[in-house]
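Okay, thanks for making time for this one.

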2 protein chains.
Amino acid sequence: MLPRLASRSRPFLATQKRYKWGSNLPPNILKFQYAVRGELAIKASHYEKLLSEGAKLPFDRVTFCNIGNPHQLGQKPITFYRQVISLVENPELMKQTGVFPKDVIERAQHYLKSCNNATGAYSDSRGLLEARKAVAQFIRDRDGIQDPNYTSVDHIYLSNGASPAIQDCLKLIINGEKDGIMIPIPQYPLYSGSVPLLGGTSVGYYLDEDKQWGLNIDELSRAIVDARSHGLRPRALVVINPGNPTGSCLSTENIAEILKFAHREGLIVLADEVYQRNCYEAGKPFSSFKKVHHSIPDIADLPLLSFHSISKGLTGECGKRGGYVEMTGVDAAVHEQYYKLASMSLCPNVVGQLILALQLNPPKAGDPSYALFRQEEEAIFNSLKNRAHIVWKTLNGLEGIECQKPDGALYAFPKITLPRKAIEAATKLGKAPDVMYCLELLDETGLCVVPGSGFGQVKGTFHFRTTILPLEAHLEQVLHKFAEWHKKFLAKYQ
Amino acid sequence: MLPRLASRSRPFLATQKRYKWGSNLPPNILKFQYAVRGELAIKASHYEKLLSEGAKLPFDRVTFCNIGNPHQLGQKPITFYRQVISLVENPELMKQTGVFPKDVIERAQHYLKSCNNATGAYSDSRGLLEARKAVAQFIRDRDGIQDPNYTSVDHIYLSNGASPAIQDCLKLIINGEKDGIMIPIPQYPLYSGSVPLLGGTSVGYYLDEDKQWGLNIDELSRAIVDARSHGLRPRALVVINPGNPTGSCLSTENIAEILKFAHREGLIVLADEVYQRNCYEAGKPFSSFKKVHHSIPDIADLPLLSFHSISKGLTGECGKRGGYVEMTGVDAAVHEQYYKLASMSLCPNVVGQLILALQLNPPKAGDPSYALFRQEEEAIFNSLKNRAHIVWKTLNGLEGIECQKPDGALYAFPKITLPRKAIEAATKLGKAPDVMYCLELLDETGLCVVPGSGFGQVKGTFHFRTTILPLEAHLEQVLHKFAEWHKKFLAKYQ
């Protein structure tokens with residue numbers, strides 16, 4: 001191993017102890033966790049591979065209820081979106097007469113024109129102007145405020161899904177471990193993962209399970225006072241609405257309280273609103289943080305970051321990776337730095353940008369594609385609503401399980417009362433009890449859910465998150481299988 | 001602004017000095033620079049917007065030679081790739097007889113099957129198995145080593161282009177400002193941008209302009225000794241081959257020297273090989289770092305990270321965002337952490353993954369699409385080669401400009417000898433002289449190039465980077481316009 005070059009007389013340092021990368025990984029990397037694709041998901045993928053190779057397992061299929069991935073479980077894409085994309089990718093197809101509805105062709109032509117026929121080129125790092133215009137108009141229509149100053153294309157940044165946008169925003173906020181980011185407990189693990197990865201500290205605030213996972217301002221106050229008493233500087237407040245994993249939908253009044261609290265305390269608000277189309281209760285419609293922010297003139301300088309996505313809602317185009325952040329009440333200096341950061345990755349993928357533009361500007365009444373589009377969206381919405389109800393009802397009816405009703409999003413997050421012997425068995429294995437529960441469920445049934453410890457929960461309580469996404473035809477069977485297994489589990493550890 | 005909630009008796013801290021986000025951005029964010037989309041590019045976009053609004057400027061179009069974005073300047077996509085994607089997006093089109101060649105349909109069916117007909121679903125965080133298989137087979141074919149152990153799908157991670165993969169790898173390497181990353185001068189600014197952003201320190205090594213920007217091992221030694229004498233821990237060595245912005249293609253022997261140096265010094269090697277299809281000189285073919293690594297048994301434990309992309313080569317699908325990193329000689333612990341990091345962003349976009357699979361596994365002789373595919377690729381290759389030659393020849397013929405011949409990649413990086421008065425004028429403006437040169441060029445001609453200071457250069461020398469990408473029909477005009485302007489600039493400051 002002696003270097004040939006050493007024969008030349010150059011001032012190499014004496015051989016040091018060899019640097020081993022794998023033993024020297026940065027602590028921020030080692031310590032963060034991301035449960036949605038963690039131990040359970042990796043094991044589930046392994047089982048799926050074994051089954052595809054013909055292995056004999058106690059189940060003949062793996063059902064991935066660990067992640068909100070609708071198309072994986074059979075939800076179909078919206079026809080209009082895909083037709084337009086196929087034309088944009090392959091404009092030669094416009095020559096085929098009678099294949100595409102007129103509005104599909106017009107839309108494809110419009111998008112092609114808006115990027116000089118070069119959908120293969122990098123776009124502006126913020127996203128195509130045309131797509132950002134669609135976002136801005138969507139926000140005006142959603143919030144019923146047509147004032148063009150209500151929202152600006154210059155405050156909207158497209159991204160490869162909401163997750164990278166959230167991470168980029170946190171990069172601009174976190175400046176050392178004293179910087180605290182307030183996140184709900186339970187929360188989507190992107191937050192508990194990203195904050196330590198970026199060198200900051202998570203400040204948890206508890207959602208109130210007994211009040212359908214409500215967000216209580218007293219609890220926010222407790223958490224921030226506690227954080228400051230530990231020498232932290234709380235910098236930002238994350239709110240997920242509708243809630244993941246809780247399915248809770250916040251009222252306008254609650255959002256107003258939250259925004260005033262954040263303003264008073266000098267916090268930046270991150271409003272994760274990717275489930276805004278997934279509100280199933282007529283009495284609990286979605287209220288946007290943006291609109292409530294606008295309604296309180298006193299807090300105009302409160303920085304609000306609102307995130308949206310094409311992965312959820314009724315679109316479910318997770319694999320396309322598309323989303324945006326809109327920044328309200330934010331200094332020019334922040335915009336400048338965010339733009340620079342975004343430009344380092346050149347641009348979000350253009351197909352994801354166009355799907356976002358399509359989702360936010362779908363066919364209108366009178367358009368040739370409208371009837372089919374509406375039928376598809378309604379079928380998906382009604383089915384999701386129905387499945388949310390069935391999952392909640394079934395789980396809540398089982399011994400040892402208590403499930404709050406999810407009014408929105410794509411999940412249920414039931415509380416499980418584990419027998420003392422199960423807790424002892426888990427302790428012996430060195431596993432969290434809810435992890436052991438979910439591992440046994442996977443090993444014995446092929447159902448993959450995520451333990452509550454990945455999302456955060458009150459100490460001594462146990463939960464798991466399951467999506468509501470198996471299609472109706474399969475869902476009953478899944479729930480039946482789960483119920484049978486759960487009974488056996490309780491009996492085993494009784 | 002007094003909070004209503006303050007009337008409740010809760011322990012809020014006394015109002016502190018209000019935290020202003022824009023004045024408190026993290027220093028790592030503020031200090032990094034990314035010149036390719038910096039001041040010049042932003043101004044150029046602004047001019048383009050003004051022109052589209054009918055403004056009168058000294059030019060009637062902006063020509064973006066600041067970024068390797070082939071489709072933006074008129075390069076057409078490869079038909080086969082786009083046909084397959086249009087079918088995958090919209091499988092209903094398979095019913096149209098006589099529209100798609102047989103191999104297009106078969107390929108689309110194959111990809112659809114490989115993701116259970118759900119291209120809208122999140123894939124494995126590493127990328128679709130089918131796409132990773134295409135990468136692995138491509139590497140075996142490229143390097144002429146068919147041993148299946150030569151490369152493994154488990155060591156390949158797909159990404160939204162090479163840039164995010166490079167940044168993710170650096171996250172796993174950099175653990176504080178003492179960690180040095182060796183980068184060439186000149187280099188692609190992703191590196192000089194990412195290293196300080198991630199909290200590390202760049203250690204520059206100079207390429208030898210007089211030897212066609214060659215990479216000299218003596219200079220690597222000088223740089224690492226110098227870095228260590230300043231208390232740094234050099235951790236990794238970045239090599240861009242073919243070079244960006246230099247166009248230099250490394251020989252097999254040179255790569256062997258570099259790898260042995262890295263092994264001896266305990267460095268991780270990042271081989272940025274995104275221009276591997278862009279080698280224009282028959283006598284200087286592309287040599288992969290992977291193959292040379294394999295040929296030296298003594299260095300089997302040297303970590304090598306090789307990056308590739310769909311944005312460059314003959315594909316130019318920049319907007320699709322697709323690429324990969326292959327990791328060789330890397331511990332399981334590194335794989336585990338990289339996988340976790342990748343999973344936080346769920347997956348790279350699936351269309352980009354499929355374009356990558358297509359690029360690396362294109363039609364073969366005998367396939368119905370082969371003739372057209374080959375014709376398209378050859379036309380692009382020959383045209384790029386021709387344009388590289390024309391740009392070099394023209395620039396090198398101008399007074400005050402000396403341009404090394406680019407044997408590869410998509411750029412020329414000429415040295416400009418600026419008159420003393422120009423340097424004085426720039427100093428008065430508080431601008432680097434090459435920045436002033438490029439700004440005047442943009443203001444007066446609409447040509448957008450990037451100053452050498454964005455890439456790094458020997459102190460007291462000045463350069464700029466221009467792409468060779470304007471199509472032939474336009475290129476002569478662009479070069480003529482540049483030459484006229486350059487003469488005027490010299491005269492102005494004589």
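**The sheet, then the interface**

Let's begin with one pair of residues: Val239(A) has Ala271(A) as its bridge partner, over in strand 6 of chain A. Keep in mind that we're looking at a predicted model.

That pair sits between strand 5, residues 233-240, and strand 6, residues 268-272, both of chain A. These two strands run parallel, and five bridges join them.

Packing on this sheet we have helix 6 of chain A, residues 162-173. Which strands does helix 6 touch? The list is strand 2, strand 3 (179-185), strand 5, strand 6, strand 7 (304-309) and strand 8 (323-328) of chain A. Against strand 7 of chain A, the direction of helix 6 makes an angle of about 160 degrees.

Zooming out, the sheet in chain A is open, with seven strands in the order 2-8-7-6-5-3-4 and mixed pairing. At the edges you've got strand 2 (156-159) and strand 4 (201-206) of chain A, each pairing on one side only. On average, neighbouring strands are turned by 25 degrees against each other, ignoring direction.

Now the interface. Chain A puts 86 residues into the contact, and chain B puts in 86 residues. On the chain B side, the elements giving two or more residues include helix 1 (27-31), helix 3 (79-89), helix 6 (162-173) and helix 12 (350-360) of chain B. Which helix gives the largest share of that side? That would be helix 11 of chain B, with seven residues. And by class, the side of chain B touching chain A comes out at 40 nonpolar, 28 polar and 18 charged residues.

Note on methods: Residues numbered from 1 in each chain as written. Chains lettered and ligands numbered in written order. Predicted model: local features only at pLDDT ≥ 70, side-chain atom pairs only at ≥ 80, totals over all residues. Contact = placed C-beta atoms within 7 Å. Helix = DSSP H or I, 4+ residues; strand = E, 2+ residues; numbered from the N terminus. Nonpolar A, V, L, I, M, F, W, Y, C, P; charged D, E, K, R; others polar. Pairing = 2+ DSSP bridges. Axes fitted to C-alpha atoms, helices over the stretch in contact; angles between N-to-C directions.
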